[in-house]
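Student: I have a new structure to look through. Can we go over it together?

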Amino acid sequence: MTTGTPAPYITRIAVDESDLAACFQVRKEVFVGEQNVPEEIEYDAYDADAVHVIAVAADGSVLGTGRLLHGAGMAAKTGGDLTVGSLGRLAVAKRVRGLGVGVALVGAIEDAARGLGLVAVDLHAQTHALGFYERLGYVAYGPEFADAGIAHRAMRRTL
């Protein structure tokens, strides 16, 4: 194993309540704990119907998570276009940032989107993360805006 590489891990769709609890714990650590997002807005009604992905190390520890919104119930988040999914709540544990976990999670979300027949994925990137998403093929559009007091830009990638 190369120095600086996380222990072997897999990315997969969250399948049960314990997976969802692990996803929510990582989000709480990153968004609420590190970025001071109010906990009451971190979790929303979209969580119930989203496709959640999770990165799990060989030892069972959770390294990161993200979610995909899609379908008619999510139209407000996807601009009303039912062929577009919305990637969001991408969170990677601080101890493994910069080691490819986020890239693997985005790939898992895009695979899920393709599996659902979606043709593109939109996201709202924190401006400090624009370069990360640009390296993965996302293109920013529209003006900068604030979400939870943090500057964001909308981005899209055609699948």
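**Helix, sheet and loops**

Tutor: Just after α1, the residue Asn36 has a positive phi of about 60°. Keep in mind that this is a predicted model.

Student: How many residues does α1 have, and how far does it reach?

Tutor: Helix α1 is made of 18 residues and spans 24 Å from its first C-alpha to its last, close to the 26 Å expected at 1.5 Å a residue.

Student: Where does α1 bend?

Tutor: The bend is at Lys28, and its angle is about 30°.

Student: Which residues of α1 are buried?

Tutor: They are Asp19, Ala22, Cys23, Val26, Arg27, Val30, Phe31 and Val32. An α-helix has 3.6 residues a turn, so residues three or four places apart point the same way.

Student: And what covers them?

Tutor: The cover includes α2 (39-42), along with β1, β2, β3, β4 and β5.

Student: How do β6 and β7 run, parallel or antiparallel?

Tutor: Antiparallel, with six bridges between β6 (139-147) and β7 (150-158). One of the bridge pairs is Val139 with Arg156 in β7.

Student: What sits between those two strands?

Tutor: Two residues separate them in the hairpin, and Ala148 there takes a positive phi near 55°.

Student: What about β2 and β3, how many bridges there?

Tutor: Six bridges join β2 (51-57) to β3 (62-69), and the two strands run antiparallel. His52 has Arg67 in β3 as its bridge partner.

Student: Which side chain makes a polar contact with Arg67?

Tutor: The side chain of Asp47 does, at 2.6 Å. Asp47 lies in the loop between α2 and β2.

Student: Is Asp47 buried or exposed?

Tutor: Asp47 counts as buried, because its relative accessibility is 7% and the cut-off for buried is under 20%.

Student: What does Asp47 touch, leaving aside its neighbours in sequence?

Tutor: Beyond four places in sequence, Asp47 is in contact with Phe24, Arg27, Glu42, His52 and Arg67. Arg27 is also one of the buried residues of α1.

Student: New topic: where is Gln126?

Tutor: Gln126 is in strand β5. With 12% relative accessibility, Gln126 counts as buried.

Student: What are its contacts?

Tutor: Not counting residues up to four places away in sequence, Gln126 touches Phe31, Gln35, Ile150, Ala151 and His152. The side chains of Gln126 and Gln35 make a polar contact of 2.7 Å.

Student: Last one, Thr78. Where is that?

Tutor: Thr78 is in the loop between β3 and β4, and is buried, with a relative accessible area of 3%. Beyond four places in sequence, Thr78 is in contact with Leu69, Val84, Gly85 and Ser86.

Student: How far apart are Thr78 and His124?

Tutor: They are 46 residues apart in sequence, and 11 Å apart in space from C-alpha to C-alpha.

Methods: Residues are numbered from 1 along each chain as its sequence is written. This is a predicted model: local features need pLDDT of at least 70, side-chain atom pairs count only at pLDDT 80 or more; totals for chains, interfaces and linings use all residues. Side-chain values use heavy atoms; hydrogens and water are left out. Two strands pair if DSSP finds at least two bridges between them. Helices (H or I, at least four residues) and strands (E, at least two) are DSSP runs, numbered from the N terminus. The expected span of a helix is 1.5 Å times one less than its number of residues. The bend at a residue is the angle between axes fitted to the seven residues ending there and the seven starting there. Buried means under 20% relative accessible area, exposed over 50%, partly exposed in between (1.4 Å probe, protein chains only). Contact means heavy atoms within 4.5 Å. A polar contact is a pair of N or O atoms within 3.5 Å; within protein, one must be able to donate a hydrogen and the other to accept it, and residues adjacent in sequence count only if both atoms are side-chain atoms.
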